[in-house]
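Let's take a friendly walk through the strands and helices of this chain. Have a look at the structure below before reading on.

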Amino acid sequence: MTELLNRFTRSLLSAVLLVSVVLSTGGCGVALVTAATVLTIDVVRDRREPRTYWDDNKAEMDIRRAVANADDIDDKNVSVTIWNGIVLLTGEVPSQRNIDTILDIAKSHNHSRQVINRIELAGRTNLTSRANDSWLTARVKTAIAASGTLDATKLKVVTERANVYLMGLVTTAEATAAVDIVRTVPGVVRVIKVFEYI
């Protein structure tokens with residue numbers, strides 16, 4: 001209970017500081033205040049430490065930027081998702097050399113504890129397939145939230161070619177419940193657990 005209160009206090013202080021800065025600079029204050037409030041709620045409900053939450057998001061941006069800027073990676077369609085230092089790579093590239101380069105980038109980041117490679121050796125998926133993946137992700141999140149048995153904010157959902165990857169710090173019971181829920185969502189081809197158990 002004390003740890004949760006400390007996390008909430010730290011997150012609240014960060015949000016208050018951000019709101020103060022926004023209000024003093026004017027401009028798009030309302031949007032930033034809303035974003036700061038959502039971020040604070042997200043951090044408080046997350047099972048990761050606030051520092052880990054921040055480091056995951058920063059590492060995700062760093063690795064995405066490095067992959068995007070790599071000149072020797074052709075026609076890339078790669079997603080990078082990080083949860084508690086575990087890096088999940090999904091998407092498609094046309095050559096094994098590209099996959100190896102992306103893996104090297106992900107593994108070399110100082111925040112990466114483990115890299116899970118699910119990049120397909122294939123051409124880029126079409127817009128319809130990517131739209132379907134986005135739609136499935138939304139449906140999965142809605143199904144989890146509507147179940148009443150799980151807190152959807154404690155899970156990360158990534159969909160690639162109708163395969164749904166589930167990430168988060170969960171109990172065994174929560175993992176089982178999440179997989180059972182996701183399997184009932186129409187259009188889901190496969191559920192892949194990338195959980196860490198608590």
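## A parallel pair and its crossover

How many bridges join strand β2 to strand β3, and do the two run parallel or antiparallel? Keep in mind that this is a predicted model. Strands β2 (residues 86-93) and β3 (residues 114-121) run parallel, and eight bridges join them. To get from β2 to β3, the chain passes through helix α4 (residues 96-108), making a right-handed β-α-β crossover.

## Thr-81 in strand β1

Next, turn to strand β1 (residues 77-83), where you will find Thr-81. Is this residue buried or exposed? Thr-81 has a relative accessible area of 5%, and because the cut-off for buried is under 20%, Thr-81 counts as buried.

Beyond its neighbours within four places in sequence, Thr-81 is in contact with Ile-86, Val-87 and Leu-88, as well as with Glu-60, Lys-156, Val-158 and Met-167.

## The three-stranded open sheet

Now for the sheet with the order β4-β5-β6: its three strands form an open sheet with mixed pairing. From one strand to the next, the twist averages 15 degrees.

Within this sheet, β5 (residues 163-170) pairs with β6 in the parallel sense over eight bridges. Among the residues involved, Asn-163 has Arg-190 in β6 as its bridge partner.

## A helix on the sheet

Finally, helix α5 (residues 127-147) packs on the sheet and touches both β4 and β5. The direction of α5 makes about 150 degrees with that of β4.

Key:
Residues are numbered from 1 along each chain as its sequence is written. This is a predicted model: local features need pLDDT of at least 70, side-chain atom pairs count only at pLDDT 80 or more; totals for chains, interfaces and linings use all residues. Side-chain values use heavy atoms; hydrogens and water are left out. Two strands pair if DSSP finds at least two bridges between them. Helices (H or I, at least four residues) and strands (E, at least two) are DSSP runs, numbered from the N terminus. A crossover is right-handed if, with the strands pointing away from the viewer, the path from the first strand over the helix to the second runs clockwise. Buried means under 20% relative accessible area, exposed over 50%, partly exposed in between (1.4 Å probe, protein chains only). Contact means heavy atoms within 4.5 Å. Axes are lines fitted to C-alpha atoms, for helices over the stretch in contact, and angles run from 0 to 180 degrees between N-to-C directions.
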